[in-house]
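This briefing is intended for a reader who is new to the structure shown below. Please keep the sequence and the model in view while reading.

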Amino acid sequence: MNALQHVRLGTYYVAQLPEQDDFEFWRDRARALVQCDVPPDRIAWVPPGGNGDLFTHGERRAPVPPADAAMVRASKPFIQLARSAICHSDPDRFALLYRLLWRHQANPKVLEDRADGDVRRLDELARHVRRDIHKMRAFVRFRLVEDEAAQGGESEEHYVAWFEPEHHILRANAGFFTRRFANMRWSILTPKGSLHWDTQALAEGPPAERADAPAGDPVEALWRKYYASTFNPARLKVGAMLKEMPRKYWKNMPETSLIPELVAGAQAREAAMVDAGSIEPSERPDTLDAIASAIHSCRRCPIGELENQAVMGEGPRRAALMVVGEQPGDQEDLAGKPFVGPAGQVLDRFLQQAGIDREQTYVTNAVKHFKFTQRGKRRLHQSPTAKEIDICRWWLEGERALVQPRLVLALGASAARGLLGKTVSISRVRGAAQMLEDGSELWVTAHPSYLLRLEGPAREEQERLFAADLAAVAERLAELAQ
Ligand code: URA
């Protein structure tokens with residue numbers, strides 16, 4: 001049946017969705033409907049729990065596309081936006097997505113028209129969902145409800161959090177929480193469903209009520225203490241704080257009970273800090289701990305939007321040598337520490353060979369979040385763009401200003417860009433020092449992952465050069481220490 005016949009016969013389809021956020025189901029149905037030439041106004045998209053029977057003339061079976069049906073076109077950006085937008089709580093989202101898919105077949109450039117109402121709405125829905133996802137990551141607070149260890153059993157602490165998302169983002173956030181709190185037994189209860197993690201497997205549960213979650217526990221005191229100690233009155237901007245942490249989330253966050261008091265005392269504390277000379281002219285966090293906590297919520301570039309955690313540099317606060325890599329890899333992201341995976345092992349081996357003690361070295365990255373593309377279960381490394389590296393320089397500069405290394409070793413071109421603000425060729429700059437603006441010396445060498453990608457004589461040659469670069473750095477460090 002073609003579009004005209006659908007209209008003439010008054011046929012329409014009822015597509016009842018099994019889940020609020022089931023993109024795959026929507027995509028399969030939408031694909032078949034496009035292939036059967038069913039126009040958008042002939043479909044009733046019914047959310048779960050909605051009454052599809054209201055559409056008494058609707059055809060409830062999925063239409064079967066003809067064998068010679070043309071492929072349905074959908075661009076990657078559309079799929080990406082649609083995956084986010086489907087989690088929105090707007091009941092019209094399924095129809096909007098179908099309308100855009102339908103229009104895309106006739107005009108593949110439809111998404112480029114920023115003035116188009118449907119395109120603007122799609123962007124808006126996806127943005128709301130991303131924001132909700134981030135809010136949940138930042139504002140979920142677990143409370144301890146059970147400690148069977150106290151009754152003589154295995155340690156079975158169970159943490160429960162209550163959260164009220166605006167959209168259907170629970171599943172989209174599940175991977176983040178299982179990775180971040182892998183060794184904890186936890187449940188996240190929300191009015192839209194719940195998640196339960198027992199350190200091995202994740203289970204989904206029904207919607208919950210606020211009363212199902214515990215009201216308070218000893219962990220709260222720790223949160224409050226932590227918040228009070230990281231609160232910097234000199235950086236207080238009430239408007240920005242409310243934007244980032246809207247009041248509606250406060251009731252589930254123990255530390256927020258301190259906010260009125262801290263805000264009230266901020267002016268006096270700031271004046272005291274100025275007097276004591278402890279305020280830096282910039283607004284960058286002024287301790288390594290404060291940078292470590294700030295980078296977690298950094299969304300200055302899109303890498304922070306992925307399912308990852310920020311990885312802070314590691315090492316002595318006043319290390320003479322700072323080693324800078326590109327970005328955390330898969331294993332670094334899981335561990336929350338730099339250079340602990342295969343590239344880290346190569347680095348450790350060559351540092352040791354050169355007589356450089358990693359324990360005495362501050363090791364960090366030009367980009368603080370892991371950039372990847374998901375392939376099935378694997379997360380494949382993607383290089384950061386020059387722009388992303390430049391944006392993340394803000395944090396690297398903060399670490400350099402605090403650690404004040406005498407010598408900085410950049411591993412690879414991304415690290416060199418993070419330090420110099422421009423792209424250089426490794427083969428041209430390696431083997432000699434450059435002066436950085438703060439008077440420290442920059443040495444550039446290859447990235448250990450580059451060595452790992454080579455084989456045979458090419459690998460041997462690069463390993464020889466890498467070892468020579470590290471030996472030169474060790475020698476220079478010894479000179480500077482005299
Ligand atoms: N590669 C990097 O550049 N940094 C790491 O931390 C790990 C691998």
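The model is a predicted one. An open sheet of five strands is present, with the order 10-9-13-15-14 and mixed pairing. The second largest pocket has a volume of about 1,700 Å³. D37 has a positive phi without being a glycine, and Q404 likewise has a positive phi although it is not a glycine.

- Strand 13 (407-411) runs parallel to strand 15 (residues 441-445), and five bridges join the two.
- Within this pairing, A410 is placed opposite V444 of strand 15.
- Helix 17 (residues 456-481) lies across strand 9 (321-325), strand 13 and strand 15.
- The direction of helix 17 is at about 165° to that of strand 15.

**The second largest pocket**

- The lining of the second largest pocket comprises 41 residues.
- Nearest the centre of this pocket lie Q80, R83, S84, L306 and Q374.
- By residue class, the lining consists of 16 nonpolar, seven polar and 18 charged residues.
- Helix 3 makes the greatest contribution to the lining, with seven residues.
- Several elements supply at least two lining residues each, among them helix 2, helix 3 (76-85), helix 5 (117-139) and helix 6 (170-180).
- Strand 8 (202-205), helix 11 (330-335) and strand 11 (372-375) also supply at least two lining residues each.

**Loop residues with positive phi**

- As background, most residues other than glycine have a negative phi.
- Where is D37 found? D37 belongs to the loop between helix 2 (23-35) and strand 2 (43-46).
- The phi of D37 is near 65°.
- D37 has a relative accessible area of 30% and is therefore partly exposed, as this class covers values between 20% and 50%.
- The phi of Q404 is about 50°.
- Q404 has a relative accessible area of 49% and is therefore also partly exposed.

Terms used. Residues numbered from 1 in each chain as written. Predicted model: local features only at pLDDT ≥ 70, side-chain atom pairs only at ≥ 80, totals over all residues. Heavy atoms only, no water. Helix = DSSP H or I, 4+ residues; strand = E, 2+ residues; numbered from the N terminus. Buried < 20%, exposed > 50% of the residue type's maximum accessible area, 1.4 Å probe, protein only. 1 Å grid on protein atoms, 1.4 Å probe; cavity = no way out; pocket = protein on both sides within 12 Å on 5 of 7 lines; lining within 4 Å. Points joined across faces, edges and corners; volume = space filled by probe spheres on them. Nonpolar A, V, L, I, M, F, W, Y, C, P; charged D, E, K, R; others polar. Pairing = 2+ DSSP bridges. Contact = heavy atoms within 4.5 Å. Axes fitted to C-alpha atoms, helices over the stretch in contact; angles between N-to-C directions.
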